Amino acid sequence: MKTSLTPENLPHATLARLAQANRDFGTAFPGEASRRQPVHTVYGGAHLFKARTCQRSGEVALDVMRTYAPDPVTFARALGLSFANDLPDGPAAFAAAATSTSAILAQVVYQRVLEKLAREPVEDFRIDFEDGYGNRPDAEEDGHAVAAAEQVAEAVASGTAPPFVGIRIKPLNEELRARSVRTLDLFVTTLVTRMGGRLPEGFVVTLPKITVPEQVEALVGLLEALEAALALPPKSLLFEVMVETTQSIFLPDGRVALPHLMALAKGRCTGAHFGTYDYTAGCSITAAHQYMAHPACDFAKHVMKVSLAGTTVMLSDGATNVMPIGPHRAAEGAALGAAELAENRAVVHRAWRLAHDHIRHSLVTGFYQGWDLHPAQLPARYGAVYAFFLEGLEAAGARLKAFLDKAAQATLLGDVFDDAATGQGLLNYFLRAIACGALTEAEAEQMTGLGSADFATRSFVKILAARKG
């Protein structure tokens with residue numbers, strides 16, 4: 001076979017630059033992180049945090065479920081799940097239709113939400129010294145910073161801490177940076193001291209309202225200084241940024257901001273959380289139209305997705321700010337009347353439906369994490385997430401199994417064409433469903449033909465390589 005390129009006429013310098021660029025790309029874009037991503041972050045004022053806060057949140061959420069969704073049909077209809085209209089009325093009719101697809105889905109979603117609320121109601125909790133806390137006298141915030149850190153240490157020791165926990169400090173703007181730095185120092189120093197020189201697993205600091213890149217740069221410097229002072233391993237103090245200002249989407253010179261902020265983070269940034277209400281306010285959108293699915297929010301979140309896709313930075317959407325709390329409360333020793341109970345129920349169900357719609361929108365657009373602000377929102381969070389994964393499991397399992405059986409050759413199953421990138425997406429679908437409790441690993445193995453060792457790799461390419469070998 002005749003060729004024209006020889007070692008003498010190859011553009012060696014250009015090819016060397018290409019090789020280096022390819023290596024740099026692989027370093028900057030290694031793919032999604034292999035660590036677990038929580039489905040939500042619960043925000044609560046630092047002055048209210050106790051060692052049992054997350055456990056107590058589950059108890060409150062279960063009580064709300066018993067009161068306003070005592071059965072699978074009521075729960076499915078309250079959330080507005082896609083299959084809710086197919087469910088029959090009344091316990092007898094539901095029992096008679098127990099083998100229908102809709103009834104099975106309703107039952108499984110309901111039972112798994114109850115189980116989740118009893119076992120692990122909160123996946124990630126952020127102790128808030130910002131919007132959920134407010135501006136208080138310095139002595140008061142000092143006391144709360146120390147007390148909250150002590151409560152985290154107690155929660156870890158007693159086994160009541162969530163899998164992920166952290167604090168949201170105040171912004172590092174000129175007005176609040178001194179207060180923010182002191183709170184960070186007091187909290188981390190107290191926590192590390194009480195925990196015998198270590199940090200809890202999954203601990204993170206949240207930086208809000210970024211207006212200039214130097215705020216990220218300064219936080220990195222502060223975390224480095226704390227690690228040195230407390231003899232912590234390098235890069236053990238991690239942080240996440242909040243994207244809630246227009247300046248965290250675009251820099252003044254027109255460049256996209258997030259890649260620059262990530263470069264300044266020096267590998268310490270694990271997440272980017274969208275702040276719905278501050279961002280829409282910054283876009284001059286009036287309060288009545290500030291909501292999670294607003295086109296301005298979708299634009300900002302897509303910029304986040306495009307900027308950080310293929311990196312290990314995890315993305316989170318914001319919160320629904322309509323709380324599922326009934327307007328009527330019974331006085332001590334008294335009971336609410338029928339009309340008051342009905343109004344409470346209607347209010348809770350409307351708020352759950354709204355939260356479900358927002359969460360579903362986030363999931364469809366590739367945001368698998370969001371915020372919750374009240375224990376009564378937890379049923380809607382898990383109901384929406386579980387229904388999202390469970391509704392599509394059969395089709396996803398068939399596609400993944402067929403694709404694996406072809407050992408990385410493109411396949412056509414029905415009218416849906418798959419390629420290798422889709423294979424990783426399908427695997428991620430099952431990994432997320434297992435992690436959040438929508439699906440057990442045994443069920444996933446049965447649907448896909450994969451084993452626990454396959455899922456542990458978290459890599460479609462590695463699974464294929466093992467099968468070929």
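The chain carries 43 positive and 50 negative side chains, and the centres of these two sets lie 4 Å apart. Lys and Arg count as positive and Asp and Glu as negative, with His and the chain ends not counted; each charge is placed at NZ of Lys, CZ of Arg, CG of Asp or CD of Glu.

The model is predicted: local features need pLDDT of at least 70 and side-chain atom pairs count only at pLDDT 80 or more, while totals for chains, interfaces and linings use all residues. Residues are numbered from 1 along each chain as its sequence is written, and side-chain values use heavy atoms, leaving out hydrogens and water.

There are 18 helices and 10 strands in the chain, taken as DSSP runs (helices H or I, at least four residues; strands E, at least two) and numbered from the N terminus. For 469 residues a compact globule would have a radius of gyration near 23 Å, and the 24 Å of the chain agrees with this. The radius is taken over C-alpha atoms, and the globule rule is 2.2 Å times the number of residues to the power 0.38. Along its principal axes the C-alpha trace spans about 95 × 60 × 45 Å.

Of the 469 residues, 48% count as buried, that is, under 20% relative accessible area with a 1.4 Å probe and protein chains only. Among contacts (heavy atoms within 4.5 Å) between residues at least 6 apart in sequence, 75% join residues at least 24 apart.

Ser180 gives a local example. This residue is found in helix H7, residues 177–194, and counts as buried because its relative accessibility is 1%. Leaving aside residues up to four places away in sequence, Ser180 touches Ile169, Lys170, Pro171 and Leu172.

Key: Buried means under 20% relative accessible area, exposed over 50%, partly exposed in between (1.4 Å probe, protein chains only).
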